[in-house]
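I open my notebook on a structure that is new to me, and I write down what I look up in the order in which I look.

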Amino acid sequence: MVAQSALTIGLRWTPRLHSVSIPDVIAASLTRTHHASRPMPEELQIRTHGPDSLPTLVYLPGLHGDWTLVGHFRRALAGRVRFVEITYPRTLTWSLEDYAAGVERALAEQGIFAGWLLGESFSSLVVWPMLSRNRFQAHGVVLSGGFVRHPMRWGVRLAERICGWISLDLLVRILFGYASLARFRHRHSPETLGAIQEFISRRTELDLKAAQHRLHLVAQANFCPLARQVTVPVFAFSGLFDPIVPWFWARLCLKKNCPGLREFKIIWRSDHNVLGNAPEIASEQVVRWMTQSNAPSSKPEVGGRRPARPLTSAL
């Protein structure tokens with residue numbers, strides 16, 4: 001069995017809600033006021049899966065800011081990498097540089113000073129300053145739905161405003177449909193159900209404000225000059241249907257501004273959440289990139305539906 005440990009920087013991490021059903025969690029959220037919401041940890045959290053003898057892959061989450069949606073991908077990697085997961089604090093003040101520094105401190109306190117970085121969506125903007133600071137020795141980078149500069153910043157600003165308008169009660173009601181569907185789809189996986197419960201329970205009023213703050217950072221960010229100086233190998237993939245970060249323009253920007261880009265693959269049967277919707281394909285691809293990181297730079301390519309299928313067309 002793969003060794004697992006859970007460690008929290010500044011606060012002890014303990015599993016939550018494993019004995020509570022999804023409807024119970026939602027019903028409680030609908031009946032209590034925002035100010036009565038159960039307090040959640042506000043320190044950066046870190047946990048590791050697998051022995052340190054394996055190659056290290058550090059997962060940095062998307063806009064939601066936690067590890068609750070990456071369980072399938074983590075299990076698909078079991079036994080092949082040491083998987084390190086990060087959950088961000090619900091900060092309303094951190095800059096992207098602060099996020100990078102926070103991750104570096106958390107890793108250093110656990111004796112993790114080198115490895116691969118996996119930046120999902122928002123966290124692609126945490127990866128770039130980490131590469132610039134060079135406190136963590138990155139052997140390579142994988143971007144999942146990531147970017148150097150968001151290709152639709154007007155859309156990000158609109159999303160930021162919507163986050164400011166939407167109420168917590170409305171958000172929880174929207175999540176009710178998601179939870180009901182997810183509960184049916186994963187009824188035979190208690191671990192997945194627990195992750196879904198934790199995901200919903202973490203959506204608080206402060207969580208909404210933190211997401212709004214992260215959207216503001218995305219709208220302001222432009223790491224093109226920094227990406228031009230990156231020397232480590234950079235790989236990226238995206239789902240074919242991704243209205244959140246349209247891959248066509250994100251890919252063009254990466255090709256133009258990141259000479260370290262080795263390959264960009266499209267996962268045909270996925271959307272923006274590649275790690276959650278296509279975990280087997282994504283995990284096989286990440287492992288392949290990590291094991292061939294010393295290969296000479298090549299022209300970015302678009303891949304097929306299966307991880308073992310030859311690349312179908314060049315960009």
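**Strand E6 and its neighbours**

E6 and strand E7 (residues 234-239) pair in the parallel sense over four bridges, where pairing asks for at least two DSSP bridges between two strands. I note that this is a predicted model, in which local features need pLDDT of at least 70, side-chain atom pairs count only at pLDDT 80 or more, and totals for chains, interfaces and linings use all residues. Residues are numbered from 1 along each chain as its sequence is written, and side-chain values use heavy atoms, with hydrogens and water left out.

I then looked at strand E5 (residues 114-120), which pairs with E6 in the parallel sense over seven bridges, and I saw Glu-120 opposite Ser-144 in E6. From E5 the chain passes through helix H4 (residues 124-133) to E6 in a right-handed β-α-β crossover, that is, clockwise from the first strand over the helix to the second when the strands point away from the viewer. Of the eight residues in E6 (residues 137-144), six are buried, meaning under 20% relative accessible area with a 1.4 Å probe and protein chains only, while exposed means over 50% and partly exposed lies in between.

**Whole protein**

I recorded 12 helices and 10 strands, taken as DSSP runs (helices H or I, at least four residues; strands E, at least two) and numbered from the N terminus. Of the 315 residues in the protein, 54% are buried.
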